[in-house]
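This report describes one protein structure for a reader who is new to the subject. Please look at the sequence and the model first, and then follow the text through them.

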Amino acid sequence: MATDLGTGATLTGAGIDSTLFAEILSMDWSGIARESIEISHMGTAGGKTFIPSDLYDPGELAVELNFAQGSIFEVDAAPNAVVVTVKNGAATNTWSANGFITSLDWSVPLEDKMTANATIKFTDEITVG
């Protein structure tokens with residue numbers, strides 16, 4: 001399997017300010033996790049036994065970007081649909097879930113580009129298409 005490049009990846013969705021997320025440098029979706037529930041009992045022999053939880057944590061998305069002056073940051077916005085699109089040549093893959101912005105850090109250095117880091121927490125099922 002060939003390694004894909006991140007060039008052309010986008011982040012869109014309701015409640016996502018297109019000005020703020022216009023120039024993305026990197027995205028890191030982490031924390032997708034499903035708990036294991038131990039069901040071992042006094043009669044269990046050998047290794048412990050587990051079953052998967054019915055629920056999972058959809059994780060969060062950390063985004064590094066060039067910061068545009070005048071970008072809107074709505075920390076009080078309700079969760080909205082968020083779509084991450086990754087392209088590989090003609091092929092396109094999308095990951096989507098409802099999410100909300102939990103943090104924004106930005107930097108304004110002397111004689112250098114302004115940058116920002118935003119974090120989006122996802123709240124429900126992930127759809128991959």
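A residue is called buried when its relative accessible area is under 20%, exposed when that area is over 50%, and partly exposed in between, with a 1.4 Å probe and only protein chains considered. By this definition S53 is buried, because its relative accessible area is 14%. The model is a predicted one, in which local features need pLDDT of at least 70 and side-chain atom pairs count only at pLDDT 80 or more, while totals for chains, interfaces and linings use all residues. Residues are numbered from 1 along each chain as its sequence is written, and side-chain values use heavy atoms, with hydrogens and water left out.

**Overall build**

Helices and strands are taken as DSSP runs numbered from the N terminus, where a helix (H or I) has at least four residues and a strand (E) at least two. The protein has 0 helices and 9 strands, and along the sequence they give the pattern β-β-β-β-β-β-β-β-β. Of its 129 residues, 22% are buried. The protein exposes about 8,600 Å², of which carbon and sulfur atoms supply 54%; such areas come from the Shrake-Rupley method with a 1.4 Å probe, and for residues only the protein chains shown count as cover.

A contact means heavy atoms within 4.5 Å. Among contacts between residues at least 6 apart in sequence, 64% join residues at least 24 apart. S53, which is found in strand 4 (residues 50–57), touches R34, E35 and I37 when residues up to four places away in sequence are not counted.

**Strands side by side**

Two strands are said to pair if DSSP finds at least two bridges between them. Strand 1 (residues 10–12) and strand 6 (residues 80–88) run antiparallel and are joined by 3 bridges, while 9 bridges join strand 6 to strand 7, again in an antiparallel arrangement. L11, in strand 1, has V84 of strand 6 as its bridge partner, and V83 is partnered by S96 in strand 7. L11 counts as buried because its relative accessibility is 6%. Its C-alpha atom is separated by 9.8 Å from that of W95, although L11 and W95 are 84 residues apart along the chain.

The hairpin of strand 6 and strand 7 has 2 residues between the strands, and there G89 takes a positive phi near 65°. A positive phi of about 55° also belongs to E111, although E111 is not a glycine. E111 lies in the loop between strand 7 (91–107) and strand 8 (115–122), and it counts as exposed because its relative accessibility is 77%.

**Rings and a charged pair**

A pair of aromatic rings is described by the distance of the centres and the angle of the planes. Rings of Phe, Tyr and Trp (its six-membered ring) pair if their centres lie within 6.5 Å, and the pair is stacked if the planes are under 30 degrees apart, edge-to-face if over 60, and tilted otherwise. The whole structure holds 3 aromatic pairs. In one of them, the ring centres of F67 and W106 are 5.3 Å apart and the planes meet at 10°, so this pair is stacked. W29, W95 and F122 form one aromatic cluster.

Side chains of opposite charge can pair when their charged atoms come close. A salt bridge is a side-chain nitrogen of Lys or Arg within 4 Å of a carboxyl oxygen of Asp or Glu, and the count by this rule is 1. It joins D57 and K121, whose closest N and O atoms are 2.6 Å apart. D57 is in strand 4 and K121 in strand 8, 64 residues apart.

The table gathers the accessibility of residues from these pairs.

| Residue | Relative accessible area | Class |
|---|---|---|
| F67 | 14% | buried |
| W106 | 54% | exposed |
| D57 | 32% | partly exposed |
| K121 | 22% | partly exposed |

**A nonpolar patch**

Which residues form a nonpolar patch on the surface? They are I32, Y56, W95 and V128, with about 350 Å² of accessible area together. Patches are made of residues with over 30% relative accessible area and no salt bridge, where like charges are joined within 9 Å and nonpolar side chains (Val, Leu, Ile, Met, Phe, Trp, Tyr) within 5 Å. W95 lies in strand 7 and is partly exposed, with a relative accessible area of 33%.
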